[in-house]
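Let's take a walk through this fold, starting with a sheet and ending with charged pairs.

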Amino acid sequence: MSISRLARIPLRSPSRSYATTAGLNALARPKAENLSATWQGTSATRGNTKNFIGGAFVDSKTTQWHDVLDPSTQTLLTRVPETTMEEFDQAVDAASQAFKSWSKQSVLARQRFAIELQYQIRQNADALAHSIVLEQGKTLADAHGDVLRGLQVVETAIGITSNIVGEKLEVSKDMDTEVRKLPLGVCASIAPFNFPAMIPLWTIPLATVTGNTLILKPSERDPGAAMIIAELCARAGLPEGVVNVVHGTVPVVNRICDHEAIKAVSFVGGDRAGRHIYERATKNGKRVQANLGAKNHAVIMPDANKNLALNSIIGAAFGAAGQRCMAVSVAVLVGAAQSWLPELVERASKLNVNGGFEEGADLGPLISPASKARVTGLIASCADEGGRIHLDGRNVQVPGYSAGNFVGPTVLEGTVEMRCYREEIFGPVLTVITSDTLDNALDVINKNKYGNGAVIFTQSGATARKFESGVNVGQVGINVPIPVPLPMFAWSGNKGSVLGDIGFYGKSGINFYTQNKTTTSLWRQEDAIGNKASVDMPTHH
């Protein structure tokens, strides 16, 4: 994930000017106006985003606000509060009170909420996607993919009635041992900017169907999708206080880590923030799962299906403008596959960089001017350190979007010593390195500090087997460019890409949000009362 997901963005200043809503073009403006008119907690027409506490959308009393700008035009969409500590404590109190009754609801009642939530998300997928395009900058198709991948977790959570079944065994005559999975209490989820719908939906369904209550802090850069999801939870019948949404940056994150009522914290984001949250929250006795940075490699063997390999790598490297923690950011060309580099560059150059609502757009802008500056700086470092820039997207021109944070597809050729290889770029930049053999390629991947994923393109089963067995990452793709497991399985990144030993969603997700209670009981059969009456003559022996 990005390096500084929790960095404070500039607070709004009266002297700072932005484009009015009229700065949005004819494609975006009606969608922004519809979002503001339809949804209670968010705005795309310069209104304030609200907190969601105890089942109500509440205006914050803060004096500190963060501006959310359309990354394609720098149009002000909404202002997000730095939730006050009093408001934060109110949210935790609401979650604590709701836990007393929600945790006692039957698993069938909690399942019904998940069933209704998936229906509500399907019915309102367009609104969620429109919010993502406006605030985050994704293309419309990619924004719908963001929603769909989150929806799949909701659909999997519907199976909670089977997946949370406990264990029971008669361990000795008339003695039983039973293990049940019980909820933890109030949990918290800190979400990143790059998946405004998917990451909240990694946590909301599993936390709630297991009987917990939740405090969600979406990214202050694009909270609209999370606010819509909160309203959909209410429409789906979730009781007041079970899910609450607060906003902010470091002070709110620290309060999440410190508040004694919060039992577990789920985080997706960058290295620096993730380490801080993990260390601070675990010191306070909390369970933590944290997904951090990544540097995902794609190995292209000479025997690979060339068309599949090149198209797959281009899609995985440049989709979502490279702002994915499972983006392919390094291509390792092995042997004769090194001759494919010119064609890879040619295909990448044909991608359409444009506003997210534009027809045929392949990738949109980066989230902020600061992100653009960081990405362009890393591109420049390649040439400064002796590498080659085969395709340079730094000066891409997008008609109608002169103020956008756009960087076009960029292909670098470098070595493992360069910054463009060592650092997570989090932009539409593919670093190409070469290798003579598969063994050398494996050595490169295994020495990298990150371990989210790696993929290989080959038509040899033996080569695929060797790669799968020898590569040290958590998620492996064989002719699959982004091997993110579907939610019946669990997220399984490793090495420097994760902190905490219980993964997201799947069986791991259920384990994260539950604790085992083991009961051993003894009821001797011979001690039973109410045995059959005797009609024999009593002898009083």
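Which residue of strand 17 does Thr410 stand opposite? Thr410 faces Val429 there. Before going on, note that this is a predicted model, where local features need pLDDT of at least 70, side-chain atom pairs count only at pLDDT 80 or more, and totals for chains, interfaces and linings use all residues. Residues are numbered from 1 along each chain as its sequence is written, and side-chain values use heavy atoms, with hydrogens and water left out.

**The sheet**

Strand 16 (residues 410–413) and strand 17 (residues 429–435) run parallel and are joined by four bridges. Helices (H or I, at least four residues) and strands (E, at least two) are DSSP runs, numbered from the N terminus, and two strands pair if DSSP finds at least two bridges between them. Both strands belong to an open sheet of seven strands, ordered 15-16-17-14-13-19-20 with mixed pairing. Strand 15 (388–391) and strand 20 each have a single partner strand, so one side of each is left without a neighbour in the sheet. On average, neighbouring strands of this sheet are turned by 25° against each other, direction ignored.

Helix 15 packs on the sheet, touching (heavy atoms within 4.5 Å) strand 13 (296–300), strand 14, strand 17 and strand 19 (453–457). Its direction makes about 175° with that of strand 13. Helix 16 packs on the sheet too, against strand 13, strand 19 and strand 20, and its direction makes about 170° with that of strand 20. These angles run from 0 to 180 degrees between N-to-C directions, with axes fitted to C-alpha atoms, for helices over the stretch in contact.

**Charged pairs**

The structure holds 17 salt bridges, meaning a side-chain nitrogen of Lys or Arg within 4 Å of a carboxyl oxygen of Asp or Glu. Here are some of them:

| Pair | Closest N and O atoms |
|---|---|
| Lys138 and Asp146 | 2.9 Å |
| Lys466 and Asp439 | 2.7 Å |
| Arg324 and Asp142 | 3.0 Å |

Arg324 counts as buried at 16% relative accessibility, and Asp142 is buried at 17%. Buried means under 20% relative accessible area, exposed over 50%, partly exposed in between (1.4 Å probe, protein chains only). Lys138 and Asp146 are buried as well. By contrast, Lys466 is partly exposed at 39%, and Asp439 is partly exposed at 43%.
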